[in-house]
Amino acid sequence: MAAEEQELLQLESLCKQLYETADSNLRSEAEKTLVSFANSPDCLSKCQLLLERGNSPYAQLLAATTLTKLVTRPNITLRLEQRIDIRNYVLNYLATRPKLVHYVLQALVQLFARITKNGWFDIQEDDYVFRNVVTDVTKFIQSGSTQHVMIGVQLLSQLVCEMNQVSEADASRSLTKHRQIASSFRDSQLFEVFQLSCSLLRTAAGNIKSMDFNDDSQHGLISHALRLAHNCLTFDFIGTSTDESSDDLCTVQIPTSWRSAFLDFSTLQLFYDLYSGLPASLSPLALSCLVQIASVRRSLFNNTERTKFLNQIVIGVHNILENPQGLTDPSNYHEFCRLLARLKSNYQLGELVKVDNYPEVIKRIAEFTVTSLQQMWQFAPNSVHYLLSLWQRMVASVPYVKATEPHLLDTFTPEVTKAYIMSRLESVHVVIKDGLEDPLDDTGMINQQLEQISTIGRCEYDKTCALLVQLFDEAASRFQELISSGTSALEITVQEGRLTWLVYIIGCVIGGRVSFASTDEHDAMDGELACRVLQLMNLTDSRISNQGCEKLDLAILSFFEQFRKIYLGDQVHKMSKVYRRLSEVLGLSEESMVLSVFIGKIITNLKYWARSEQIISKTLQLLSDLSVGYSSVRKLVKLEAVQFMLNNHTSDHFPFLGISANNTPISDMRCRTTFYTALGRLLMVDLGEDEEKFERFMIPLTTAFESVGNMLANVDSPLKAEEAKRSLVGLARDLRGIAFAFNTKTSYMMLFDWIYPSYTPILQRAVEMWYHDPAVTTPVLKLMAELAQSRSQRLMFDVSSPNGYLLFREVSKMIVNYGSRILSIGDVPKDQVYRMKLKGVSVCFFMLKAALCGNYVNFGVFRLYGDDALDNAQGMFVKLLLSISQRDLMDYPKLSQNYYGLLECLANDHMTFISNLEPQVFLYILSTISEGLTALDTMVCTGCCSTLDVIITYLFRRLTSKKKKPGPSPDSEAFLRILELHPDILQQYYNKLRDSIISSQPAEKQQTMATCFENLMNGIERSLLTKNRDKFTQNLSVFRRDVNDSLKASAGQSPTPSPASLDMMTLNDFKVKLIQTTLSI
């Protein structure tokens, strides 16, 4: 007993050290000791002692969190009786100790929710023992004590959250099981929980005037009741897992059985009453519930019911707008903006115009929007998004409205457009004067708002254009005056900011042009706006060499991108009035002349903005987009400026190509790939078989490669090494861009003959020297991977050409070079492991897959002639794979996709290599397949299924062929030899698994389950013929249906899933386990 007390005191001391001490070493030691405590065999009893006799709340917290881990361990499951005891103990503990510290209370509530969810389908004496939740919790609520009622509400609220969310344990196991539990809870308990929350809230609403919200218990009770209602309404009813970032598009898929709650408008009115009666600390939760109620799926109602329901929502909205005092609170304001957005995301404009007093409502909404745009841009930009979303959707719906009632958008939308534009312009001076964060720096928000304004601004477009022309002329005129007079830089900066916003908005309204709704007059207006932007560009370019404005140039690039989408390219009507206006003002009468202006701006930016990675990146993206169109690219290559780029792509003319160590970080060279991809496409237009033209284009790269080769041969100082490194990285990125663009056999062969064998040794040498530096190895490996890809069948070498073999040997050499060295660097910190090692390994896997699947090499030749290139590459693959943990394989998506893609390729075409691996290696590969079968990535999942099918097919065929043709096998094939020694092992394992599943069912269902298994193999022969496979697939579908039917509980309760998760991956998991068992013998 004394030892027990001593251990409790020690645990309490460790908890105090873990949560309170500032000494990181003490905290680390305490954490290690407590982890070992959580893994000890008598952990369960010690946790109970800590809860019963522990004096510190930290000890109680440790006990609760440890118990939560115990009941959710994936590989060790507590007995059903133990879990029932824990659940009942937690409920009794909470009932007898209602005033626990909040974090201990939360941990125990979490434990209750987790154990209830995990045991949802557990049966004891034909009773689902974990499902009497509402009955148990109602005892807390009916007790009359505020503390107990609050605990009861928290238990239900946490349970709803737990049922709704996919925990890490669920994600690593079967998502199907999670959905089955969530669906069963939804069907059997959730509505009752929601009604209970509404009942509590009705009681509170009736007593709201007598409540003291300064009393923590009363405030807390209302807060938890509102959260419970909100959790019910935000439940993922149909398993869509909607992304919260797009919640303005969400429809709440309320079950039909809930209709009564929503047809009775008292539920809706309840939350409006709560909003108006509760203090600002609670009312946002009521509005959040209203947002969800307003988003109830349309099909829950018939047309008449939906009209009445919408009318009630709008009446409530109108009342809030008439009494807007509560909206001074930021949270209330934000939730109300969300509520307004849901009016249009879930209802049609034709329905909205029919609500009572629509003209007054739309007027109030317009006034609220205008005021918000003028005053709230600084304080609530995220809330403004929802208001713009509402107007964007309403304007987009105008062409489809069939109602006779006027929508009045032509009256109010121009006011919204004007308010937005004026608020942006007025913000510039405030931002500069007060030193605030500039909205122009938030490109994500700008793009989002501009997309919305592009639609809103096209409503009554003549008014939008007139306003923009007036404001632009005033700002441009003032800007020109300030430049001429040499006034203070501050005023010039303000005008540049105003012009930046105007250029962005002009670009977006031009981009909002919809072909079927546009007229010649609209195109002429676009021409007016475009002329002004191009004239401004000429002015800014004239002073770019010493006083350029980065934000304004980014806006001009945004305008170019929008103009390109609408008025350049193959689909554009060439007689558009936009060109007529451009011709009258600027002399640009046709598309090629406008393209010339675009290219001129691109060259100017590349020349003068080398220091701005953002401008260079967007400029090159514009060049890349222009180089894709079929007709525009042919017009481009005829321009002198484009020919200049093709003949002079050096750092003298384009400084961003420079490699000075003082210039930019080495990582900023990524944009070079985009540049050379575009140049490659432009060169390809007229290249044909002109080798001289290709050689001329490659002169700068040839010179650079020769220089790097000399530097690598004479690296005698750190400065020279750094220069060589930067030059090489730049070259690798440049060549990758060209290789990507050269997607024909002729052009690729020119590049291959240029790079091999002259310069590939330099790439190999670079990897040998700087294998530890991913800034070098990643670009080089990606270049080699690009060269190995048979894009558009470009690697179809001639019959007499050895180039396919030579290329593969270089690929093999690169993989071995890099792999052997990266494996020597030892342990890498977790936060750097992807950048330092896994990224390079991932590219190697991708490169090997591209080479193996390219169909340009006959791999049988390597072994025939004693060439070890293939064996070396495959051997390095195994070494690299074994150096990666399964967790890392699954945690990094690119690594995961590249590995499983390569594995599928090896299984299909190199099964002999896989079959000859050491048993432990083969076992590891099978375990990765088992992990991959449960991956969320569909490509990984299906790839694993395919790989496993190939392995099992190969295994079966080799076994059956050996019986027909006895004799020694040329290969070792360890697992085949084991199967020969234990021919019945697969059958034994199958029988064991089948018996386990059958015995886990209730007694009355075991015979049905046994029959299902017997029928599974009916009519199946011992062959892999297509006809036989199809028959088994049919049997499996019937098996699954019959099993699901048999598992349905009586009285309409939800089905119980078998322990052997009967989801899509069951059969494949079963195959993996069979082979793993075989190899473990």
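Helices (H or I, at least four residues) and strands (E, at least two) are DSSP runs, numbered from the N terminus. The structure is a predicted model, in which local features need pLDDT of at least 70 and side-chain atom pairs count only at pLDDT 80 or more, while totals for chains, interfaces and linings use all residues. Residues are numbered from 1 along each chain as its sequence is written, and side-chain values use heavy atoms, with hydrogens and water left out.

**Whole chain**

Start with everything shown as a cartoon. The secondary structure comes to 51 helices and two strands. Of the 1081 residues, 53% count as buried; buried means under 20% relative accessible area, exposed over 50%, and partly exposed in between (1.4 Å probe, protein chains only). A contact means heavy atoms within 4.5 Å. Among contacts with a separation of 6 or more, 75% are between residues 24 or more positions apart.

**Tyr756 and Pro757**

Select Pro757, in the loop between helix 35 (745-755) and helix 36 (760-769). The peptide bond from Tyr756 to Pro757 is cis, with omega near 5°.

Next select Glu460, in the loop between helix 21 (443-456) and helix 22 (461-485). Its phi is near 55°, a positive value in a residue other than glycine. Glu460 has 28% relative accessibility, so it counts as partly exposed.

Then go to Ser792, in the loop between helix 37 (774-788) and helix 38 (803-822). Ser792 is not a glycine either, yet its phi is positive, about 55°. With a relative accessible area of 56%, Ser792 is exposed. As background, most residues other than glycine have a negative phi, and most peptide bonds are trans.

Select residues 133-141 for helix 7, where seven of the nine residues are buried. Those buried are Val133, Val134, Asp136, Val137, Thr138, Phe140 and Ile141.

Move on to helix 8, residues 146-164. The expected span of a helix is 1.5 Å times one less than its number of residues. For the 19 residues of helix 8 this gives 27 Å, and the end C-alpha atoms are 27 Å apart, which agrees. Helix 8 is mostly covered, with 15 of its 19 residues buried.

Now select residues 671-687, which form helix 32. This helix has 17 residues and reaches 24 Å from its first C-alpha to its last, close to the 24 Å expected. Since 13 of the 17 residues are buried, helix 32 is largely enclosed by the rest of the structure. Gly688 follows helix 32 and has a positive phi, near 55°.

**Nonpolar cores**

A nonpolar core is a set of buried Ala, Val, Leu, Ile, Met, Phe, Trp, Tyr and Cys residues joined through side-chain atoms within 4.5 Å. The largest one has 331 residues, and Phe262, Trp391 and Phe675 have the most contacts inside it. Its largest share, twelve residues, comes from helix 23 (residues 489-511). Apart from this core lies another, of ten residues, among them Ile998, Ala1010, Cys1012 and Phe1039.

Which residues does Trp391 touch, not counting residues up to four places away in sequence? Show Ile362, Ile365, Ala366, Thr369, Leu409, Phe412, Thr413, Val416 and Ile456 to see them.

**A cavity**

A cavity is a set of points, on a 1 Å grid over the protein atoms alone, where a 1.4 Å probe fits but cannot get out; lining residues have an atom within 4 Å of a point. Grid points are joined across faces, edges and corners, and a volume is the space filled by probe spheres set on the points. The whole structure has three cavities of 30 Å³ or more.

To see its lining, select Val314, Leu343, Leu352, Val355, Tyr358, Val361, Ile362, Ile365, Leu390 and Met394. Two elements give two or more residues to this lining: helix 18 (358-375) and helix 19 (381-397). Helix 18 gives the most, with four residues.

**Leu906**

Finish at Leu906, in helix 43 (residues 893-909). Leu906 counts as buried because its relative accessibility is 0%. Leaving aside neighbours within four places in sequence, Leu906 is in contact with Leu852, Gln874, Phe877, Met911, Phe913 and Ile914. Draw a distance from Leu906 to Cys853: the two are 53 residues apart in sequence and 9.1 Å apart in space, C-alpha to C-alpha.

Definitions and conventions:
On a 1 Å grid over the protein atoms alone, a cavity is a set of points where a 1.4 Å probe fits but cannot get out, and a pocket is an open set with protein on both sides within 12 Å along at least five of seven lines; lining residues have an atom within 4 Å of a point.
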